[in-house]
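Hi,

Here is the model we talked about. Please look it over; my notes follow below.

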Amino acid sequence: MGQRAAIYARVSTTDQSCERQVDELTAFARRGGYDVVEIFKETASGTKASRAERRKIMGLAQARKIDAILVSELSRWGRSTQDLLDTLSQMAGWKVSVVAMSGMTFELDTPHGRMMTTMLAGIAQFERDLLSERVKSGLAAARARGKKLGRQPGQRPKSDKLAPQVIQAVADGRSYRWIARDLGINKNTVTEIMKRHWKSS
């Protein structure tokens with residue numbers, strides 16, 4: 001019996017197919033002596049947080065039902081360097097390896113794995129610093145152009161948008177609590193909308 005493995009294939013858009021990744025990873029598993037427990041295919045952009053199939057694999061890993069996760073490349077698994085580092089650390093705690101088709105195996109409890117952790121942590125911090133720098137630069141440029149940032153006094157985009165529905169619901173005899181729950185807003189927001197409505201009437 002070889003190591004139990006799950007195959008994870010991901011594409012970014014619906015006009016792409018996971019089949020080529022699956023075929024290559026299946027052949028890779030055969031060559032490496034892995035016993036493929038299950039194959040997971042997902043269509044989601046690289047930065048999308050909600051990946052149902054990836055969560056299922058992590059559930060298998062946590063339950064100790066697999067020993068390895070096979071991916072064509074690490075960008076198929078991780079949403080970002082930090083996400084990759086976080087999930088690899090979780091896998092290490094569950095004694096599960098993430099194996100890229102290049103043959104690179106990530107086992108963070110080995111000397112090589114600890115070196116990779118240090119490198120990934122450095123890259124993740126570099127990415128955060130770059131993002132912070134871009135945000136600050138963008139804000140400074142916007143201010144230089146005289147643009148006012150953030151929500152200005154008197155601006156209520158969400159409550160103004162929902163005001164007609166709130167007013168109609170009150171007219172229909174609905175309670176403020178029911179309206180707030182139905183529209184997914186705070187009861188105080190309902191009260192403020194009605195105060196403005198009555199004041200302007």
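**Strands β3 and β4**

Strands β3 (residues 68-71) and β4 run parallel and are joined by four bridges. Helices (H or I, at least four residues) and strands (E, at least two) are DSSP runs, numbered from the N terminus. Two strands pair if DSSP finds at least two bridges between them. This is a predicted model: local features need pLDDT of at least 70, side-chain atom pairs count only at pLDDT 80 or more, and totals for chains, interfaces and linings use all residues. Residues are numbered from 1 along each chain as its sequence is written, and side-chain values use heavy atoms, with hydrogens and water left out.

Strand β4 (residues 97-100) is covered on both faces. Ser97 and Val99 are buried on one side, Val98 and Ala100 on the other. Buried means under 20% relative accessible area, exposed over 50%, partly exposed in between (1.4 Å probe, protein chains only).

Val71 has Ala100 as its bridge partner in β4. Leaving out residues up to four places away in sequence, Val71 touches Tyr8, Leu25, Trp77, Val98, Val99, Ala100 and Met101. Contact means heavy atoms within 4.5 Å.

**Cores**

Val71 also belongs to the largest nonpolar core, which has 18 residues. A nonpolar core is a set of buried Ala, Val, Leu, Ile, Met, Phe, Trp, Tyr and Cys residues joined through side-chain atoms within 4.5 Å. Tyr8, Ile57, Ile66, Ile69, Val71, Trp77 and Met91 touch the most other members. The elements giving two or more residues to this core are β1, α2 (52-62), β3, α4 and β4. Its largest share, four residues, comes from α2. There is a second, separate core of ten residues, including Ala163, Ala169, Ile193 and Met194.

**Helix α1**

Which residues of α1 are buried? They are Gln21, Val22, Leu25, Phe28 and Ala29. They sit on the same side of α1, because they cover an arc of only 130° around the axis. The arc is that of the directions from the helix axis to the C-beta atoms. Their cover includes β1 (4-11), β2 (35-43), β3, α3 (74-77) and β4. Exposed Arg20, Asp23, Arg30 and Arg31 lie on the face turned away from the buried side. Just after α1, Gly33 takes a positive phi of about 80°.

**Asp83**

Asp83 is in helix α4 (residues 81-93). Is Asp83 buried or exposed? Asp83 counts as buried because its relative accessibility is 8%. Asp83 touches Arg54, Trp77 and Gly78, not counting residues up to four places away in sequence.

Best wishes
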